[in-house]
Amino acid sequence: MENIYPIYKRNLKKLITDKFVGIRYFSNNENKHKIYNIRLGVKKHIKGTGKVNDKPYNITAYDRHARHYRSFNINLISYVKYKNKFYTQEDIVRLA
């Protein structure tokens, strides 16, 4: 099976760029879904280098309400809400 992580990340960045979006994310620590308001297209601790040990299945985003950076596992994202549309993982992978 083809590795979908790079495709997902590329299409998500192309769709959203650096805007705030809502995501529904399953938290393994609390065993429940949470809704976050995040901004994509950010780098952690900006010095021009970003985070060096970023895993291919994680995305780094800025959490607007908590006012800090978070890493999200792509597999645990239920949907992304952008411009009042809901995008599942399959929808984002299929974007051209």
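Modeller: Start with Phe72, which sits in strand β4 (residues 68-73); strands are DSSP runs of E with at least two residues, helices runs of H or I with at least four, numbered from the N terminus. The model is predicted, so local features need pLDDT of at least 70 and side-chain atom pairs pLDDT 80 or more, while totals for chains, interfaces and linings use all residues. Residues are numbered from 1 along each chain as its sequence is written, and side-chain values use heavy atoms, with hydrogens and water left out.

Colleague: Is Phe72 buried or exposed?

Modeller: Buried means under 20% relative accessible area, exposed over 50%, and partly exposed in between, with a 1.4 Å probe and protein chains only. Phe72 has a relative accessible area of 1%, so Phe72 counts as buried.

Colleague: Which residues does Phe72 touch?

Modeller: Contact means heavy atoms within 4.5 Å. Leaving out residues up to four places away in sequence, the contacts of Phe72 include Tyr25, Tyr36, Ala61 and Ile77. Tyr25 is 47 residues away in sequence, yet the C-alpha atoms of Phe72 and Tyr25 are 8.0 Å apart.

Colleague: In what order do the strands form the sheet?

Modeller: Two strands pair if DSSP finds at least two bridges between them. Here six strands make an open, antiparallel sheet in the order β4-β3-β2-β1-β5-β6. β4 and β6 (85-87) are at the edges with a single partner strand each, so one side of each has no neighbour in the sheet. The partner of β4 is β3 (residues 58-63), paired antiparallel over six bridges, where Ala61 is the bridge partner of Arg70.

Colleague: How many residues lie between β1 and β2 in their hairpin?

Modeller: Four, and Asn31 in that turn has a positive phi of about 55°.

Colleague: What lines the second largest pocket?

Modeller: A pocket is an open set of points on a 1 Å grid over the protein atoms alone, where a 1.4 Å probe fits, with protein on both sides within 12 Å along at least five of seven lines; lining residues have an atom within 4 Å of a point. Among the lining residues are Tyr25, Tyr36 and Arg70. Two or more residues come from each of β1 (20-27), β2 (32-39) and β4, and β1 gives the largest share, three residues. Tyr25 and Tyr36 also touch Phe72.
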